[in-house]
Amino acid sequence: MRLPLRLGLFALALYLGFYVRVRNQWREVWDQDGKPYVIYPLDSKPAYFLFRPLGYVDQWTTGTGSHLGPHR
């Protein structure tokens, strides 16, 4: 029972760590509204959908939005 719990916690820590890295790498402040956004490149759809649940939590807690592709 302890091994699955440890593996689950390890996987969760990896997921959160990768999200923080992606968030810091692709974060921009949009000039139009002055708010921060995590801008996922168009060729990174898997990353967008993988991290979308954390994007909702991030937006709710910090106000940092996220979307796929550049602002228009």
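The legends below describe close-up views of a predicted model.

**View 1. Packing of helix H1 against helix H2.** Helix H1, spanning residues 2-25, packs against helix H2, spanning residues 45-62, at an angle of about 70 degrees, and the two axes lie 11 Å apart. Because angles of 65 to 115 degrees count as roughly perpendicular, H1 and H2 are therefore described as roughly perpendicular to each other. The crossing of the two helices, H1 and H2, is right-handed.

**View 2. Residues at the contact of H1 with H2.** On the H1 side the contact is made by Tyr-15, Leu-16, Phe-18, Tyr-19, Val-22 and Arg-23, while H2 contributes Leu-50, Phe-51, Pro-53, Leu-54, Gly-55, Asp-58 and Thr-62.

**View 3. Strand S2 and its covered faces.** Strand S2, residues 36-40, is mostly covered, with five of its five residues buried. Pro-36, Val-38 and Tyr-40 point one way from the strand, whereas Tyr-37 and Ile-39 point the other way, and all of them are buried.

**View 4. Pairing of S2 with strand S1.** Strand S1, residues 27-29, pairs with S2 in the antiparallel sense over three bridges, and Arg-27 has Val-38 of S2 as its bridge partner. The hairpin formed by S1 and S2 has six residues between the strands, and in this hairpin Gly-34 takes a positive phi near 70 degrees.

**View 5. Pairing of S2 with strand S3.** Strand S3, residues 65-68, pairs with S2 in the parallel sense over four bridges, and Gly-65 of S3 stands opposite Tyr-37.

Notes
Residues numbered from 1 in each chain as written. Predicted model: local features only at pLDDT ≥ 70, side-chain atom pairs only at ≥ 80, totals over all residues. Heavy atoms only, no water. Axes fitted to C-alpha atoms, helices over the stretch in contact; angles between N-to-C directions. Parallel < 35°, antiparallel > 145°, perpendicular 65-115°, else oblique. Left-handed = near helix turned anticlockwise from the far one by under 90°. Contact = heavy atoms within 4.5 Å. Buried < 20%, exposed > 50% of the residue type's maximum accessible area, 1.4 Å probe, protein only. Pairing = 2+ DSSP bridges.
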